[in-house]
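This report describes selected packing features of one protein chain. The sequence and structure are shown below.

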Amino acid sequence: MAFGQKLEQLTVPADSRVARTRADVARSALAVLTQEGSDALTHARVAEIAGYSKTTLYSHWPSKIDLVLVALDAMGDMPHHEATGDLRIDLIAELKLFRHAVIELRLDRVLIAMSQWASVETVSRLRDAINTNAQRPVRQMLEKSFQGPQLEAAISMLAGVVACPSLMFDTVPSDDVIEAAVDMIVRSD
C-alpha cells in the first residue's frame, strides 16, 4: 500500500461546520479584499461580514496574510478558454479571460495585499501557484512552437500584457493591444 493511500485512510472528513466556517470566512475575506481594498482587510471587518467572532478568525487565521490566503481559496480555479487548435484565436481568447479575471476577481488587489504582508517565500509560493494555474493553457499552446528560453519569454510577454498594466497603471489592455501582442508572438513562430 502506498504512503499516499495510507495517509488518505487516516484522514477524517472535515466536520461540516468547519467547512462552512472556512467557506464563509474565505468568501468574506475575498469580498473585503476585492471591494474595499487591502487596508480594510482586518479580522474585525471579515468577522463582521462573515458573522463570526474575531476570536474564531484569530484562532484559525492569525495574520492578515492568512486572511489573504483563505481569500484565494474562495477564488477557485480561473476560467480558461477551450482550445480550438487555432493558436492566434486561442491565445487571444485566453488573454481576454485573464483580463476578465483581473477585472472581476481583482487579482491586482490580491497580489498587492500579498506583497504588503507576506514573506518573500510566501509571496513567491503563491505567485507560482497562481501563475501555474493561469499560465498552463498558454504554455500548452506555445509548447508546440517554442522551447526553453523562447517559450518562457513568450509566456512572460503574453502574461505581462495583462498583468503589467493592471499592477502598474490600474488599467487593463484593450482587445487591440491583446491582439497585437499575440500577433507579435505568432509571427515570430
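In which helix does Ser28 lie?

Ser28 belongs to helix α2. The model is predicted, and in it Ser28 has a relative accessibility of 7%. Because residues under 20% are classed as buried, Ser28 counts as buried.

Leaving aside residues up to four places away in sequence, Ser28 is in contact with Val46, Ile49 and Ala50.

## The largest nonpolar core

The largest nonpolar core comprises 44 residues. Within this core, the residues with the most contacts are Val25, Leu41, Val46, Leu57, Leu91, Leu142 and Leu158. At least two core residues come from each of α2 (16–36), α3 (43–50), α5 (64–75), α6 (87–105), α7 (107–117), α8 (120–142), α9 and α10. In soluble globular proteins, nonpolar side chains tend to be buried together.

Leu142 touches Leu87, Leu91, Leu151, Ala154, Ile155, Leu158 and Ile185, again not counting residues up to four places away in sequence.

## Packing of α9 against α10

Helix α9 spans residues 148–169 and helix α10 spans residues 175–188. The two helices pack at an angle of about 175 degrees, and their axes are 10 Å apart. Since an angle over 145 degrees counts as roughly antiparallel, α9 and α10 are roughly antiparallel to each other.

On the α9 side, the contact is formed by Ala154, Met157, Leu158 and Val161; α10 contributes Val177, Ile178, Ala181, Val182 and Ile185. By class, the residues of this contact are nine nonpolar, no polar and no charged.

How values were computed
Residues are numbered from 1 along each chain as its sequence is written. This is a predicted model: local features need pLDDT of at least 70, side-chain atom pairs count only at pLDDT 80 or more; totals for chains, interfaces and linings use all residues. Side-chain values use heavy atoms; hydrogens and water are left out. Axes are lines fitted to C-alpha atoms, for helices over the stretch in contact, and angles run from 0 to 180 degrees between N-to-C directions. Helices (H or I, at least four residues) and strands (E, at least two) are DSSP runs, numbered from the N terminus. Angles under 35 degrees count as roughly parallel, over 145 as roughly antiparallel, 65 to 115 as roughly perpendicular and the rest as oblique. Contact means heavy atoms within 4.5 Å. Ala, Val, Leu, Ile, Met, Phe, Trp, Tyr, Cys and Pro count as nonpolar, Asp, Glu, Lys and Arg as charged, and the others, Gly among them, as polar. A nonpolar core is a set of buried Ala, Val, Leu, Ile, Met, Phe, Trp, Tyr and Cys residues joined through side-chain atoms within 4.5 Å. Buried means under 20% relative accessible area, exposed over 50%, partly exposed in between (1.4 Å probe, protein chains only).
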